[in-house]
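Reader: I would like to go through this structure with you, beginning with the overall fold. Could we take it topic by topic?

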Amino acid sequence: MRVTLLHPGVAGRRVKMKKTDFMRTWCHGKVRRLGQFWAAAWSWLEQNIQPHTASEAQVLTSRMRLGIILRFNLWAVSIVVAFVFLVSHVYQLQVRRHIEIDSKALGVYRSYRQLPAQRGKIYDSTGSLLACDLATYDILVEPGRFVPRMPEVIELAEHYLQLDRDQLALRFSQAVNHAFPCLVSESADELAVLRLEKEKLPNVTWQKNEPEAENKYSIVFYPAGLDKKGLRDCIERLSVISGVEVQQIEQRATKALGRFREIPLLLNASLESATNFMAAVSV
């Protein structure tokens with residue numbers, strides 16, 4: 001929540017402050033006004049009730065007694081008000097905000113996480129190991145990120161992970177050549193679809209939306225495989241047909257071109273095999 005106040009010193013200037021800052025300023029103003037009231041009351045007692053000379057103070061008159069009583073009462077009221085403020089603040093911290101402050105304090109030095117339990121080792125009567133826990137790892141790769149080193153990675157995978165070279169080459173090639181879609185529009189009409197059929201733009205497809213969307217089509221563009229000039233021409237034609245700005249289509253196409261397809265290289269690999277392969281690839 002934000003509160004807008006008009007600055008008293010500059011006409012028309014607005015100062016925005018948070019609710020906590022507003023409450024802090026309001027409390028400070030209240031305390032300052034109480035202090036000013038207390039000082040004014042004390043000064044009035046000194047000037048109107050208490051005598052000013054030693055001769056007047058020799059005998060305790062009714063006015064002097066009244067001044068002394070009023071001063072003690074003023075001190076008592078001030079102490080009671082301060083005590084009420086202190087008790088209210090302690091109540092806020094210890095009772096109303098106890099759970100919040102306690103959770104924050106615990107979060108400083110305590111954290112929780114789940115650790116899967118290990119089964120342990122099982123031996124037979126002769127001491128031979130029958131069963132134990134073995135850590136396995138899933139190795140995932142994005143071939144589009146290491147195209148220049150692809151033959152080397154295939155050779156290392158064949159050596160350390162015992163994988164077939166030909167199958168790896170085929171899977172890596174499919175992952176590199178995978179084209180990610182770029183959504184141009186989700187609300188194209190039939191006229192736009194007819195123009196797309198007439199234009200026959202490359203790597204552009206369309207599909208009719210669900211029945212509840214009346215005669216609306218989704219236009220999808222696959223920018224992979226086009227050179228810069230062809231990509232630019234295709235984006236401009238799509239902008240004219242779909243009504244979407246060229247800059248928006250370019251941003252979506254750039255995002256699609258920057259993606260890499262991730263494929264599993266080996267699942268449930270042993271710790272030794274995974275460590276040796278990762279060390280060899282990192283060299």
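Predicted model: local features only at pLDDT ≥ 70, side-chain atom pairs only at ≥ 80, totals over all residues.

Reader: How many helices and strands does the protein chain have?

Author: The secondary structure comprises nine helices and nine strands.

Reader: And what share of the residues counts as buried?

Author: Of the 283 residues in the protein chain, 20% are classed as buried. As for contacts between residues at least 6 apart in sequence, 57% of them join residues at least 24 apart.

Reader: Turning to the open sheet of three strands, what is the strand order?

Author: The order is β6-β8-β7, and the pairing is antiparallel. The edge strands, β6 (182-188) and β7 (204-208), each pair on one side only. From one strand to the next, the twist averages 20°.

Reader: How many bridges join β6 to β8?

Author: Four bridges link β6 with β8 (residues 217-221), and these two strands run antiparallel. Cys182, for instance, has Phe221 of β8 as its bridge partner.

Reader: Which helix lies across β6, β7 and β8?

Author: That is helix α7, residues 228-242. Helix α7 runs at about 170° to β8.

Reader: A change of topic: what is the volume of the largest pocket?

Author: The largest pocket has a volume of about 320 Å³.

Reader: Which residues line the largest pocket?

Author: The lining consists of Phe85, Ser88, His89, Gln92, Leu93 and Arg97.

Reader: And how does that lining divide by class?

Author: The lining of the largest pocket has two nonpolar residues, three polar and one charged.

Technical notes
Residues numbered from 1 in each chain as written. Heavy atoms only, no water. 1 Å grid on protein atoms, 1.4 Å probe; cavity = no way out; pocket = protein on both sides within 12 Å on 5 of 7 lines; lining within 4 Å. Points joined across faces, edges and corners; volume = space filled by probe spheres on them. Nonpolar A, V, L, I, M, F, W, Y, C, P; charged D, E, K, R; others polar. Pairing = 2+ DSSP bridges. Axes fitted to C-alpha atoms, helices over the stretch in contact; angles between N-to-C directions. Contact = heavy atoms within 4.5 Å. Buried < 20%, exposed > 50% of the residue type's maximum accessible area, 1.4 Å probe, protein only.
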